[in-house]
Amino acid sequence: MSEHPESGSAQFKKPTSKFKRPDKEGNKPQSKKNQSKAPICDTREVLTICVGHAGCTLGSKLNEVICDEHGIDPNGTFMGESDLQLYKIDVFYQEAMGGNYVPRTVLIDLDAGDLDNVRGSMYGRTFRPSNFVFSRNGSGNNFAKSYYTSGADIIEESLDAIRREAESATCLQGFQILHSIGGGTGSGLGSLLLDRLRDEYSGRIISTWSIMPSPKISDEVLEPYNAILANKHMIDKADFNICVDNEALYDICNYKLRFPNPTFSDLNHLISVAMSGVTAAFRFPGTTSHTLRSIATTLVPYPKLHYLIPGYAPLTSRDEQPYSNVSIKSLLPELLSTNSMLSPCDPKKGSYLATAILFRGGVSAEDVLQYLDYSHVKSKDHKEWLPTDIQLGFCDIPARGLKLSATALVNSTAITCTLKRLHKAFQALYSRKAFQKWYLAEGMEESEFSEANAATEDLISEYQSHEGNSDKASKPANAKGKNK
Ligand SMILES: Nc1nc2c(ncn2[C@@H]2O[C@H](COP(=O)(O)OP(=O)(O)OP(=O)(O)O)[C@@H](O)[C@H]2O)c(=O)[nH]1
Ligand SMILES: [Mg+2]
């Protein structure tokens, strides 16, 4: 992992004509302004929506990392050294009248104090002031309060801010929602946004970066309810969910990076580095052009099975960094090992359904194919019918401070270990109807608990039906399974 942004420049090379791609997905033609500024770039904007404390803090960190990569200073002014930093800047930023770059990010929280911290952070001034949407009611860590009452009170204001951003885009590719599904706001208001965005932007890709709660990190008693209630909306309304787990992040910080007492800031740095890796091919020229849609198309073989596990390499401690020498040969096994996954799931213990790897630095497909050992992504019961084992993507511009790095997105049945953990914790409360009155008092029906429970059980069963022999694997996508 690259350390926090330091001085020194990324190695920028000139783009070649192979980056001149026509926009195939766009419904709207490019504006004159964009044509003159980036005539060879197919701008497809991504709107980032941060919800709740974890979502907004992570969004703020991501903005810091991406601003640094694109040479944007804390005032939003471009101070970079290369035109390549501006080449696809429109994907994540809008150029304002004053020439400053404004993140296409909306930050929403029911706790105004948490947003004040983001506003007061180093890059807080880059965000558009009207894109901070908040109330002072709080959610009391309750999904129902933020889905039905306090959150519902600010949903129209939130959607107005999102619409303003969407309308300023020339060809919006979609949304990434950042949230923690253990929090009341991240789960409830995040779900309400998923529902409303799916209605209003049915043709756009809606993705999430979802922080899964872990009892090892947080002892909030209602988190399992919030997570399973939110999961129903994530199954039905999102195109794909990238799942990060605080437990895995904590272990990586502790054991691999040797931070003795990792803070949320350290965990968020780790997630933002992976997010920067996944989005690098959206933001910079490369030999392959990636979009949210291309991720959904290649990694989601069945509609519901859209839970992706991210992995990142190299993850090197500060002490070891000066002595490390990263090569493709050493990077690939590290990337695909369990210790590099940001969810505590071992993909090898399940079946791989699809895998994508995005490389940063001067890497060619030939270099990678020379060392790519498909056994890294083949479980013993690998499905021969799956069309491609690994989708490769390349971005020539390296991550800050690194010559070479890679980010993986894995769709594996091993995600059931996280889903089962959440489901078990939910069941412990649900079987006793514990704390349900707080949810019912906000207008939630009791049946929502059982529907959410069934939705997660079906998802687990459907993933499990793709484990083992390939006859089971050819079950139709809408096959309903029974929980074990
Ligand atoms: N990785 C990470 N996890 C966080 C962070 N803040 C909180 N969490 C985790 O997220 C869960 C709580 O979610 P929050 O985002 O604080 O809650 P919220 O969405 O603001 O909802 P409220 O309950 O209404 O405050 C717990 O499981 C925390 O461990 C953060 O900055 N980074
Ligand atoms: Mg909060």
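pLDDT is the predictor's confidence in each residue, on a scale from 0 to 100. In this predicted model, local features need a pLDDT of at least 70 and side-chain atom pairs count only at pLDDT 80 or more, while totals for chains, interfaces and linings use all residues. Residues are numbered from 1 along each chain as its sequence is written, and chains are lettered from A and ligands numbered from 1 in the order in which they are written. The chain averages a pLDDT of 85, and 82% of the residues score at least 70.

**Confidence along the chain**

- Over residues 13-41 the pLDDT stays under 50, and the model has 32 contacts beyond four places in sequence for this stretch; two residues are in contact if their C-beta atoms, placed from the backbone, lie within 7 Å.
- Residues 469-484 also have a pLDDT below 50, with 23 contacts in the model beyond near neighbours in sequence.

- Of the 25 residues around ligand 1, Gly 52, Ala 54, Ser 139, Gly 183 and Gly 186 come nearest, where a residue is near a molecule or strand if its C-beta atom, placed from the backbone, lies within 6 Å of it.
- Helix 2 (52-70), helix 7 and helix 10 (264-283) each supply at least two residues of this shell, and the largest share, five residues, comes from helix 2; helices (H or I, at least four residues) and strands (E, at least two) are DSSP runs, numbered from the N terminus.
- By class, the shell has eight nonpolar, 15 polar and two charged residues, with Ala, Val, Leu, Ile, Met, Phe, Trp, Tyr, Cys and Pro counted as nonpolar, Asp, Glu, Lys and Arg as charged, and the others, Gly among them, as polar.

**Packing around helix 7**

- The axes of helix 7 (residues 184-200) and helix 8 (residues 223-237) come within 9 Å and cross at roughly 20 degrees, which makes helix 7 roughly parallel to helix 8; axes are lines fitted to C-alpha atoms, for helices over the stretch in contact, and angles run from 0 to 180 degrees between N-to-C directions.
- Angles under 35 degrees count as roughly parallel, over 145 as roughly antiparallel, 65 to 115 as roughly perpendicular and the rest as oblique.
- Helix 7 passes helix 8 in a left-handed crossing, a term used if the near helix is turned anticlockwise from the far one by less than a right angle, with right-handed used if clockwise.
- Among the residues making this contact are Gly 184, Ser 187 and Gly 190 of helix 7 and Asn 226, Ala 227 and Leu 229 of helix 8.
- Helix 5 (residues 143-153) packs on helix 7 at an angle of about 60 degrees, with the axes 7 Å apart, and the crossing of these two helices is right-handed.

**Helix 14 and helix 16**

- The axes of helix 14 (residues 416-430) and helix 16 (residues 447-464) come within 10 Å and cross at roughly 150 degrees, which makes helix 14 roughly antiparallel to helix 16.
- Helix 14 passes helix 16 in a left-handed crossing, and the contact of helix 14 with helix 16 has seven nonpolar, five polar and two charged residues.

**Backbone geometry**

- Most residues other than glycine have a negative phi, and most peptide bonds are trans.
- The peptide bond from Ala 313 to Pro 314 is cis, with omega near 5 degrees, and Pro 314 lies in the loop between strand 9 (307-313) and helix 12 (328-335).
- Lys 433, a residue other than glycine, has a positive phi near 55 degrees and lies in the loop between helix 14 and helix 15 (436-440).
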